[in-house]
Amino acid sequence: MLKNITIGQYFPGDSSIHKLDPRIKIISVILYIAALFFMDKFIYYIPAIILLTSTILVAKLPFKYIIKGLKPIFILIIITFLINTFMTPGEIAFEIGPITATKEGLRQASFMAIRLILLVLCTTVLTLTTSPILLTDGIEKLLNPFKRIGLPAHELAMMMTIALRFIPTLLEETDKIMKAQMARGADFESGNIIKRAKNLIPLLVPLFISAFRRADELAMAMEARCYRGGENRTRMRELELKRFDIVFLIIVLIYLILIILFRYFIN
């Protein structure tokens, strides 16, 4: 399960998507997610899937590797689907004993499941095609206008990127601790869900100790290299918008505008 989490990892490549300005990719993901919440018909998800699939093909990312990232949220998708199916009032579709499923609930549940899957996939594509350094620079550039109201743009961007980057590192550490404890007789796989959750409690103490140790090592490494963020910080490579960046952003923006038009005016 731990090896299936792909968010926060970077897949090196030289595709056009990898070379996109990180600001454009971040804005495009935000617009894409916004478009998902404007959709009220299944037909609208077809261009969303086509757009995301085309991006994955251009980025030359392995589909199996990306789909693998959906396995950890599979239970969440099922729970969301069931809650919407049986908790939404409307016309009865079928009954299972005292539990009633409605047609409106099935429709809403399908929307939520597809929306959640596409949301996770587009976020995964962002992290797989953007290195942590570029992601930090992109977030910082987007937050720079808020410096006027006292927002520490660089520090906030650095914290967000480090937290995102540490996800695979902590998962790898968790996997090592689990294997070490299993070699000593610990059992994490048998029993019901509650028992499995209780068996995971002994993992928390060594995991927290490891996380604090890594954070301390990172802080010492940054101080040893005289790292100073914020003002007067220079970069070896400055971000610069190119023609393909603008074209890609326009495509995503047009897609969002069309979804809004069909939802509120043409529908």
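Trainee: Is the crossing where α2 passes α10 left-handed or right-handed?
Mentor: It's a left-handed crossing, meaning the near helix is turned anticlockwise from the far one by less than a right angle (clockwise would be right-handed). Helices here are DSSP runs of H or I, at least four residues, numbered from the N terminus. The axes of α2 and α10 come within 12 Å and cross at roughly 165°; axes are lines fitted to C-alpha atoms over the stretch in contact, with angles from 0 to 180 degrees between N-to-C directions.

Trainee: So why is α2 called roughly antiparallel to α10?
Mentor: The label needs an angle over 145 degrees. The crossing is at roughly 165°, so α2 counts as roughly antiparallel to α10.

Trainee: Which residues make the contact?
Mentor: Pro47, Ala48, Leu51 and Thr55 of α2 meet Phe248, Ile251 and Tyr255 of α10, with heavy atoms within 4.5 Å. Six of the contact residues are nonpolar, one is polar and none is charged. Nonpolar means Ala, Val, Leu, Ile, Met, Phe, Trp, Tyr, Cys or Pro; Asp, Glu, Lys and Arg are charged, the others polar.

Trainee: What lines the largest cavity?
Mentor: Its lining has 15 residues, with Ser28, Val29, Thr55, Val125 and Phe248 nearest the centre. On a 1 Å grid, a 1.4 Å probe fits in a cavity but cannot get out, and lining residues have an atom within 4 Å of a point. α1 (22-38) is one of the suppliers and gives the most, four residues.

Trainee: How far can I trust this?
Mentor: It's a predicted model, with local features needing pLDDT of at least 70 and side-chain atom pairs 80 or more, while totals for chains, interfaces and linings use all residues. Numbering starts from 1 along each chain, and side-chain values use heavy atoms, without hydrogens or water.

Notes. On a 1 Å grid over the protein atoms alone, a cavity is a set of points where a 1.4 Å probe fits but cannot get out, and a pocket is an open set with protein on both sides within 12 Å along at least five of seven lines; lining residues have an atom within 4 Å of a point. Helices (H or I, at least four residues) and strands (E, at least two) are DSSP runs, numbered from the N terminus. Angles under 35 degrees count as roughly parallel, over 145 as roughly antiparallel, 65 to 115 as roughly perpendicular and the rest as oblique.
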